[in-house]
Amino acid sequence: MIYAFCYSCNRDMELAHLMDYTLWKHSGNSCRMIWNTDTQEHLKGYGNGAGYPQAMMKLNGLRSLIDDFKIQDSDFVLSVDSDVIFTSPEVFKYVDASYGLIGVKHRPDYYTKFGSWSHMSGCLMFIRGDIAKKMCAMSEEELTFVQYQQFKPYNLTENEDVVLSYLATLCGANYFDLGTVAGLSSGDFENDIIQFTSQLVNPTHLRSFYHLNYCPTTFLGEPMNGAKWDIPKVLNQKGIKL
């Protein structure tokens, strides 16, 4: 079972709903939670997740899921961004319980206390239940020690994706890099959609998921002025279902 959670905001809520719908459609077996950082008091100040306090807010979200849903060791928690769109079930074939951490690995590696290492992209990160429980069981003193003795001396970025990946590694997670699977993710979403709607390719030739981490000036012929949060509106206007 996959338990997904997303921190979004008022501006990006339509993107978050599209992510939620496509995740539900293609994952087959998932529970999904979206928390609005603009309206939920305990998430005020989260912003884009940059900073150790913000990473602790994300860790608290992980704790809430574990407590509320009685997550089992072999389940997965999925931390996912609102600007991710799923277009096929293929990515979920790689959610394998023999790995503790699954995602798209950042390159190049960093130098850390434990040698060469890098984090999983914050766009989506699958954390196995037993690893998530160990992370959430870490005390405030242990988490502060990690920040001041293992992050700051090595100039590691204290973003939530880096911190969660690092804590998972400390808790014994081995990883699988989805970025090593050719054709699984990334790509030119707009061009792929144009081909998809023109029936020039079979729908299965879409990537399995896309991270819309850019600021489009236009999308499918409509002016955007960098507002990627309007992409769901344009898709709806053109009758495109993912």
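**Notes on side-chain and helix contacts**

1. The charged end of Lys-58 is placed over the ring of Tyr-7, 5.5 Å from its centre. A charge sits over a ring if NZ of Lys or CZ of Arg is within 6 Å of the ring centre and within 35 degrees of the ring normal. Lys-152 likewise lies over the face of Tyr-148, at 5.4 Å from the ring centre.

2. This is a predicted model, in which local features need pLDDT of at least 70 and side-chain atom pairs count only at pLDDT 80 or more, while totals for chains, interfaces and linings use all residues. Residues are numbered from 1 along each chain as its sequence is written, and side-chain values use heavy atoms, with hydrogens and water left out.

3. The structure holds 19 aromatic pairs. Rings of Phe, Tyr and Trp (its six-membered ring) pair if their centres lie within 6.5 Å; planes under 30 degrees apart count as stacked, over 60 as edge-to-face and the rest as tilted. The ring centres of Trp-117 and Tyr-166 are 5.3 Å apart and their planes stand at 85 degrees, so this pair is edge-to-face. It links distant parts of the chain, with Trp-117 in strand β7 (residues 115-117) and Tyr-166 in helix α5 (residues 160-170), 49 residues apart. Helices (H or I, at least four residues) and strands (E, at least two) are DSSP runs, numbered from the N terminus.

4. Trp-117 counts as buried because its relative accessibility is 12%, and Tyr-166 does so at 2%. Buried means under 20% relative accessible area, exposed over 50%, and partly exposed in between (1.4 Å probe, protein chains only).

5. Phe-151 and Tyr-166 also form an edge-to-face pair, 5.0 Å centre to centre with 70 degrees between the planes. Here Phe-151 in helix α4 is joined to Tyr-166 in helix α5, 15 residues apart. Phe-151 is buried, at 0% relative accessibility. Ring pairs link Tyr-52, Tyr-110, Phe-114, Trp-117, Phe-151 and Tyr-166 into a cluster.

6. Which residues of α2 meet α4? Tyr-52, Met-56, Leu-59 and Arg-63 in α2 meet Leu-143, Val-146 and Gln-147 in α4, where contact means heavy atoms within 4.5 Å.
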